[in-house]
Every structure is written in structure tokens, then in C-alpha cells.
Amino acid sequence: MKSLKTILYILLAGLALTGSGCSDEFFDTAPSGDLTDAEAFASTKNIDALVNGTLRYLMETSTSQDNPGYGAILLTRDAMADDAIPRDGVYGFRDSYPYKDPFDNTTRRALFFWSFQYKVIDNANNILAKTDAAAGTDADKKYLKGQAYALRAFVYLNLVRQYQFTYSKDKTAKAVPIYIEPSTPSTAGKPRATVEEVYSQVIADLTQAETLLAGFKRSVKNRPDVNVVKGLLARTYLTQQKWDLAAAKAAEARSGYPVMEASQYLQGFNDVTNPEWIWGHPQKADQNLGGASFFAYIDVTPASGYRSIMPDPYFRALFDNADIRKSLFEVVTTASDPMYRWIKYKKFVDKTDKSGNIPLMRSSEMALIEAESKARLHDLAGAVTALNLVRVKRNLPAAAAANFDEIGLIDEIIRERRRELWGEGFRLDDILRLQQAVVRKETTETVKIGTADVLLKGHYVRVFPDNSPLVANSPYYLFPIPVNEINTNPNL
């Protein structure tokens with residue numbers, strides 16, 4: 001691969017430019033070479049297409065079957081943690097699970113995660129630099145720039161949490177380079193900014209986006225709007241332990257997006273029209289990349305395919321019997337089935353035409369950010385009120401503040417995050433921000449098959465590659481800067 005300073009110089013190359021994000025034209029594609037650089041930025045209509053193409057690139061680009069865009073990052077985050085297990089021997093995330101990939105900075109996953117995220121950043125930088133000169137209304141320019149700021153912040157927030165430990169551990173630690181201007185092949189590589197500097201850039205970008213997107217009305221949920229921006233601020237402040245700001249922004253982000261009913265939780269997590277999806281990625285069947293797709297790995301319901309991401313039996317044990325989510329578990333008891341002795345978790349079920357949508361932000365997450373933040377601010381009543389927004393919609397009785405002390409309530413909220421957000425890419429982030437260790441235990445649970453008690457399958461890797469125990473703040477949890485970038489950017 002080329003160095004970052006060359007990789008960053010993309011405007012249209014590799015992107016599928018689409019029509020306006022305001023209609024079904026979201027799904028239309030045109031050859032990436034149809035527009036020149038000058039034409040791409042000549043009008044707000046063309047820039048709108050570039051924003052849409054950048055979103056498509058973020059979610060759909062793939063360098064290999066096992067790297068299906070941003071979905072690969074979500075799945076890797078869960079595979080490297082404890083509640084999800086890549087099925088043994090099955091292609092996709094089997095090497096991320098034992099911390100060999102992406103910890104090894106020569107693998108295609110390590111190279112892909114770095115390069116494609118910085119490509120998105122460079123597209124955002126070009127949109128921000130060139131939109132003011134385009135033909136179009138001031139309102140359109142404002143909204144396009146707001147979306148670019150939001151996307152840039154979104155990616156930098158991902159990067160700083162992938163490539164360095166959490167903010168509260170050491171905000172002076174070196175993280176990732178910051179680029180805020182368009183790059184060319186001659187652009188010098190930047191040094192690594194500190195964790196604090198990256199978070200400051202994220203907050204600055206989101207603050208700008210929040211102002212610029214005021215009044216923006218989207219018709220497709222792939223576009224970041226004010227609610228998405230507030231949700232990203234809530235995630236940022238939660239990691240920074242700025243509890244008051246996290247609680248406030250989370251409450252604002254979920255406004256207008258009620259937590260889904262219990263029955264809706266059983267519908268497969270595949271459609272952005274779900275009332276609580278604040279942000280998601282829609283697609284049509286002909287845009288699905290087949291095996292190189294999010295659902296190819298996490299949907300365990302087909303008769304064949306990868307079906308590789310399984311729940312840990314100890315994860316199932318976190319659910320009460322009345323919980324609607326517990327009904328999604330199914331033990332495979334047919335000996336001839338490749339998934340024999342595994343537990344299926346049927347949360348994600350692709351659409352029949354393989355056009356399943358990918359969730360990026362939901363109001364349940366925001367309610368749980370609000371709950372945790374209020375608990376840490378010693379407002380147990382407010383925390384329980386936010387927690388119950390999720391609990392009662394999962395067929396559980398409302399929790400009572402009187403039944404918890406502060407530590408116990410925080411622990412319960414973190415458990416609820418695990419139950420609610422499984423498969424959506426949050427578990428490793430939570431382990432890192434809480435400075436905890438991944439906990440993988442050998443399963444002892446059995447199931448009666450015929451007359452025999454048969455041991456279920458669970459975690460089969462319970463140490464790091466060097467055979468040391470799983471501990472907090474291990475470098476094995478961090479993604480590596482790829483070797484090509486190290487070799488070509490002396491400023492790192």
C-alpha cells in the first residue's frame with residue numbers, strides 16, 4: 001500500500017457517487033470517474049453526492065471478504081472482548097479473537113482499518129475546504145459542511161479509541177495524527193497527536209456541526225443530523241468522564257426517537273425505519289457485498305454461510321427469563337450441524353433480499369449513557385428513570401432506586417449496556433474506558449441432548465498470544481499503526 005500522504009489524496013477514486021440523499025436516489029450509483037475534481041466541487045448538488053459517496057465508502061468498501069467496511073470494525077471490537085465469540089475455525093474474525101489480528105501491524109486488517117478511515121477524513125477535509133466556493137444556496141453549504149464536520153469527528157473518535165488507551169488513563173499519551181486540511185501526494189505525514197488533542201478536535205468538530213446542522217431535515221437516516229451529532233458528543237463526554245455533559249447530550253440525542261417496543265426487538269435489527277434508530281446505514285440488495293458484509297458474519301439464522309459471531313454462554317446468563325431478548329437464544333442440538341453445541345443469538349437477521357441495514361446509533365444507547373452519567377453524579381433516581389426507559393421495553397419490571405447503592409447501580413447499567421448493545425461494537429470500548437480486563441471463562445454449562453448432558457461451546461482462547469493472562473490496559477487491546485505507515489511517515 002501507498003503511504004498515508006498518498007492514500008489521503010482521494011476525492012472520487014474508489015467512491016461510488018450517488019444522487020441526493022433526500023430521496024431513493026440514495027441507492028443510485030454512477031461510475032466514480034463520471035466527474036472530474038473540479039466538477040465534483042462545482043455545485044452543492046455534486047458535493048451532496050460526494051457526501052453520500054463518502055458514507056457509502058465508509059460502510060461498504062472492502063479490501064477482502066473479512067473487511068466489510070465499518071462493519072468490520074464493529075465486529076472486531078466485539079470479537080476482541082468477552083460476550084461474543086468467533087466460531088472456531090470459521091473465516092472472518094477468528095484471528096482478531098486471539099489478538100493476533102489486528103494486533104499484528106502487517107495484516108490486511110491492520111492496513112485496512114487505518115487507511116480507509118483516513119480516506120474518509122480526507123474527503124471530509126476537501127468538502128470543508130471547497131464547499132464555500134461551490135454554486136448553491138448558503139443553507140445547502142451550511143448543511144454539507146455540518147455533515148462533513150460530523151463525519152470527521154466520528155472517525156477521529158473511532159481512531160483515538162482504537163489506537164490508544166482511554167482518556168482518563170493518560171490524556172497525554174500519543175494517539176493518532178490529526179489532518180484537518182486536504183492532502184496531496186506531497187503532503188508531509190503528521191506526528192501522532194495526544195489523546196487530549198484528538199478529543200479536543202472531536203469536540204471542536206462536533207460543536208461546529210451542531211451549529212451548522214440546526215434546521216437540517218434529512219429523509220434518509222444515513223445522514224448525520226443534529227441528533228446524531230449530540231449522540232456523538234454524548235459518547236465523547238462519556239469517555240472523558242464529563243458526566244453532566246454526557247447526560248445532557250444523550251437526552252437531547254434521543255429526543256424524537258422512542259425506545260422500540262419489545263416486539264420490535266425481535267424483527268432482526270435490519271431496518272433504519274425502526275423508531276429508535278437515530279443513525280443507520282440503508283442499502284439495497286445489489287449494494288450488498290455478499291460474504292463481505294456485516295450480516296454475513298453476525299446473522300446465524302441461514303442454513304449455510306459464515307455465521308461466525310456467537311454469544312458466550314455466560315452472556316446468556318445475564319438475562320432474566322422474562323426478558324424479551326432471552327427468547328432470541330437457541331442452543332444447536334443437532335450433531336450434524338456445524339454449529340452443534342453453540343448457542344445462536346438471533347438478534348441480527350438479514351432481510352430476505354440481503355439488504356439488511358446496519359445500526360450506528362440508537363436511543364437505547366443514549367438512555368444508558370444518561371443513566372450511567374447520572375449514577376456517577378450521585379443522582380440515583382434520575383439514573384434509574386433513564387435505565388427503565390430500556391428495561392420496561394424489554395418486558396422487565398421497572399427498577400427501583402431504593403434497591404441499589406451507587407456502585408451497584410452503575411454495575412447494573414453496565415450489564416444493561418452489554419445486554420442491549422451486543423453485536424453493535426461497544427463492548428471493547430467499554431472495557432477500555434472502564435480500564436477493566438476482558439473476562440473469558442471456560443464454560444461449564446451443559447444441555448440435555450437425548451439422555452446425555454452435553455457441554456456447550458464457549459471461549460476457547462483465554463490468554464494473550466504470549467500466554468499471559470487477560471489483564472486491563474493491555475496493548476493487545478489496541479490496534480496497531482500499520483507497518484507501511486511507520487516506514488513512510490518519519491514524523492510518527
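This report covers aromatic ring pairs and charges over rings in a predicted model.

Local features need pLDDT of at least 70, side-chain atom pairs count only at pLDDT 80 or more, and totals for chains, interfaces and linings use all residues. Residues are numbered from 1 along each chain as its sequence is written, and side-chain values use heavy atoms, with hydrogens and water left out.

**Ring pairs**

A pair of aromatic rings is described by the distance of the centres and the angle of the planes. Rings of Phe, Tyr and Trp (its six-membered ring) pair if their centres lie within 6.5 Å; planes under 30 degrees apart count as stacked, over 60 as edge-to-face and the rest as tilted. The count is 35 aromatic pairs. Two of them are tabulated here.

| Pair | Centre distance | Plane angle | Class |
|---|---|---|---|
| Trp114 and Tyr118 | 4.9 Å | 50° | tilted |
| Tyr265 and Phe269 | 4.7 Å | 75° | edge-to-face |

Trp114 and Tyr118 lie four residues apart in helix H5 (residues 108–130), so about one helical turn separates them. Helices here are DSSP runs (H or I, at least four residues), numbered from the N terminus. Both Trp114 and Tyr118 are buried (under 20% relative accessible area, 1.4 Å probe, protein chains only). Both also belong to one aromatic cluster, whose members include Tyr57, Phe112, Tyr163 and Phe479.

Tyr265 is buried at 0% relative accessibility. Phe269 is buried too, at 4%.

**Charges over rings**

Phe269 also carries a charge over its ring: the charged end of Lys347 sits 4.7 Å from the ring centre. A charge sits over a ring if NZ of Lys or CZ of Arg is within 6 Å of the ring centre and within 35 degrees of the ring normal. The charged end of Lys441 sits over the ring of Tyr314, 4.2 Å from its centre.

How values were computed
Helix = DSSP H or I, 4+ residues; strand = E, 2+ residues; numbered from the N terminus. Buried < 20%, exposed > 50% of the residue type's maximum accessible area, 1.4 Å probe, protein only.
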